[in-house]
Each structure stands twice: as structure tokens, then as C-alpha cells.
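Student: Please put the structure up. I would like to go through it by question and answer.

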Amino acid sequence: MQSSSTKRITTRIIIAVLGIGVIVLLVFLIKSQFGKVEEENTNPVRTVIGTSVEGRVIEAFTFLPKPIDQKKNTNLLFVGGIHGGYEWNSVLLAYMALDYYTVHPDEIPDSMTLTIIPDANPDGTYAVVGKGGRFTVSDVPDGKPTAPGRFNANGVDLNRNFDCKWKPESTWRGDIVSAGSGAFSEPESKALRDFILENKPDAVVFWHSQSNAVYASECENGILPETLDIMNAYSHASGYSAVDSFDAYEITGDAEGWLASIGIPAITVELETHETIEWERNLLGIEALFEYFR
Ligand SMILES: [Zn+2]
């Protein structure tokens with residue numbers, strides 16, 4: 001027969017074991033609940049596609065196609081901020097698009113993969129805005145010169161660092177700019193290149209400012225017919241004038257030209273000013289591309 005003190009100890013052990021069991025069960029239930037929430041919120045999928053010279057992350061956000069319609073999966077890519085803080089409004093426009101489709105995913109065609117890279121030159125943006133990642137118009141200092149923020153932290157114009165007619169020096173308006181030590185010498189251009197080669201988008205749109213126009217792209221073999229189609233579609237919907245060939249000054253090593261050279265249609269959308277986001281016009285442009293590829 002057990003003594004009463006042995007019984008008491010046994011009872012306490014049983015209570016303790018049951019208590020631990022209940023706690024473990026609760027932790028498991030809470031964890032699995034949070035796990036579910038995370039799973040439901042995986043659209044868009046965030047990917048770090050590379051890091052800048054100063055180690056800032058370059059992010060891509062991808063809205064995956066809906067499983068009900070896989071017959072024609074079109075893959076569209078939108079890129080903001082390749083000219084960093086000089087064109088900070090293109091970064092805010094890209095974040096606006098990201099936020100809009102996060103709230104309205106049903107407006108993306110079922111068969112479409114939509115990727116947005118809000119800031120392809122985070123060091124350049126940081127140089128002007130003084131913040132990494134997301135920012136707002138009120139973060140942009142008044143009167144601060146923005147031209148230095150056009151370049152990456154190595155002083156390279158990233159939109160002259162791609163492999164289309166690349167030269168060590170290129171032009172921007174009347175100025176000579178560094179195009180890097182070779183095509184894709186910069187980590188930011190490499191990150192974009194690798195993402196594009198891996199994901200093979202059907203079309204790419206680069207948001208810039210401030211020429212108030214949509215430009216086609218070409219390298220050595222002229223403009224791809226589909227590039228003209230999407231330029232005209234975006235232009236017609238948004239009201240930015242369509243320009244087949246940029247001939248104000250010679251550009252070498254531009255990202256759009258490289259895309260043309262590998263057979264991917266690409267357009268440059270230049271906002272009207274350096275300060276305005278112009279969301280409504282660009283939403284119409286995006287929708288026109290959805291319609292074109294639907
Ligand atoms: Zn630009």
C-alpha cells in the first residue's frame with residue numbers, strides 16, 4: 001500500500017505532466033493557426049533577387065497565376081527606380097502598383113504572373129531619400145540635389161551597364177557617365193539580369209521620369225513587333241506619347257536594349273515630372289497590357 005505522501009507526489013507529477021501537455025498542445029494549435037495565416041498571405045511572393053553595392057536588398061514581389069487557368073501563363077515584369085533617387089517617383093509608383101494589386105489581386109488576369117521590382121537601385125534612392133526600402137513623398141528632402149542619386153554607390157549609371165552596345169562611358173543629356181568596368185559589372189544589373197534570365201518574362205516595363213512618353217527598345221536588330229504593340233497599348237491607355245526610337249543623345253548599355261537583344265519586348269515609361277506618381281494613368285497602362293496579353 002502507498003503512503004499518503006507517495007500518493008501526493010504521484011498526483012502532483014500527474015498534474016504537472018498534464019499541465020505541460022496542455023501547454024504543448026496550446027503552442028502547437030497557436031503555431032499552426034499562424035502558419036495558416038502565413039500561407040494564405042503568400043501572394044505576392046517576396047524574393048530577394050540580389051544586393052546593392054552597399055548591401056541593400058533588391059526585392060521582387062510576384063503575384064502567382066491562379067490555378068484555375070494555366071493554359072496561357074503570361075509573365076509580366078515592372079521595374080522602378082533603376083535611376084534611384086533621381087527618379088524616386090518611379091519607386092513610389094512601383095510600390096503603389098504593388099499595394100494596389102495586393103488589395104485587388106482579382107484584377108490580375110487568372111493566367112498571369114505579375115512581378116514588381118520596386119527599386120532596382122536602392123543605394124541611389126537612399127542617397128536622396130535617406131531611407132532604405134519603403135518611403136513616402138514626405139521623406140524626400142526639399143531642395144536636395146537629386147542627380148547624384150541617379151547612379152549606384154560605384155557612381156555607375158545602371159541603365160548604361162547592360163550588354164547592348166556596351167561602352168565604358170556613355171551619355172546622359174550632355175554629360176559623360178560611367179557605364180561600369182564591363183557589361184553587368186554592377187551587382188544591381190547582375191541581379192536584374194539573373195532574375196530575367198531565370199523567369200523569362202513575356203514583357204518588361206521600366207518606370208522612369210521625366211520625359212512624359214513611352215519608348216520602344218532595340219539593340220542591333222531593330223524593334224521587336226510586340227514591343228511596338230505594347231508601347232502603343234500603354235501609350236493609348238495612359239496618354240503618354242509613344243516614341244519608337246530615343247534619339248536625343250546616344251545611349252549604350254541600356255537595360256531595355258539588352259532585353260531586345262535577347263528577344264524580350266521592353267518599354268520605358270517616363271513619368272511627366274520628377275515629383276508626381278501619376279498612378280491613375282499608369283493603372284490604365286498596366287490594364288492595357290493585361291488586356292493585350294489576356
Ligand atoms: Zn531614368
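Predicted model: local features only at pLDDT ≥ 70, side-chain atom pairs only at ≥ 80, totals over all residues.

Tutor: Residues are numbered from 1 along each chain as its sequence is written, and side-chain values use heavy atoms, with hydrogens and water left out.

Student: How many helices and strands does the protein have?

Tutor: Both come from DSSP runs, numbered from the N terminus: helices are H or I with at least four residues, strands are E with at least two. The count is seven helices and 10 strands.

Student: What share of the residues is buried?

Tutor: Buried means under 20% relative accessible area, exposed over 50%, partly exposed in between, with a 1.4 Å probe and protein chains only. Of the 294 residues, the buried share is 46%.

Student: Which elements each supply at least two residues of the lining of the largest pocket?

Tutor: A pocket is an open set of points on a 1 Å grid over the protein atoms alone, where a 1.4 Å probe fits, with protein on both sides within 12 Å along at least five of seven lines; lining residues have an atom within 4 Å of a point. The largest one holds about 640 Å³ of space, a volume filled by probe spheres set on the points, which are joined across faces, edges and corners. Of its 30 lining residues, the closest to the centre are Arg160, Tyr215, Phe246, Tyr249 and Ile251. The elements are strand E7 (203–209), helix H6 (255–261) and strand E10 (266–271).

Student: Why is the pair of Phe184 and Trp258 edge-to-face?

Tutor: Rings of Phe, Tyr and Trp (its six-membered ring) pair if their centres lie within 6.5 Å; planes under 30 degrees apart count as stacked, over 60 as edge-to-face and the rest as tilted. The structure holds 12 such pairs. Here the centres are 5.4 Å apart and the planes stand at 80°, so the pair is edge-to-face.

Student: Where do Phe184 and Trp258 sit in the chain?

Tutor: Phe184 is buried at 8% relative accessible area, and Trp258 is buried at 5%. The pair links distant parts of the chain, 74 residues apart. Phe184 is in the loop between strand E6 (175–178) and helix H4 (187–199), and Trp258 is in helix H6.

Student: What is the angle of the planes for Phe246 and Tyr249?

Tutor: Phe246 is partly exposed at 32%, as is Tyr249 at 23%. Their ring centres are 5.0 Å apart, and the pair is edge-to-face, with planes at 85°.
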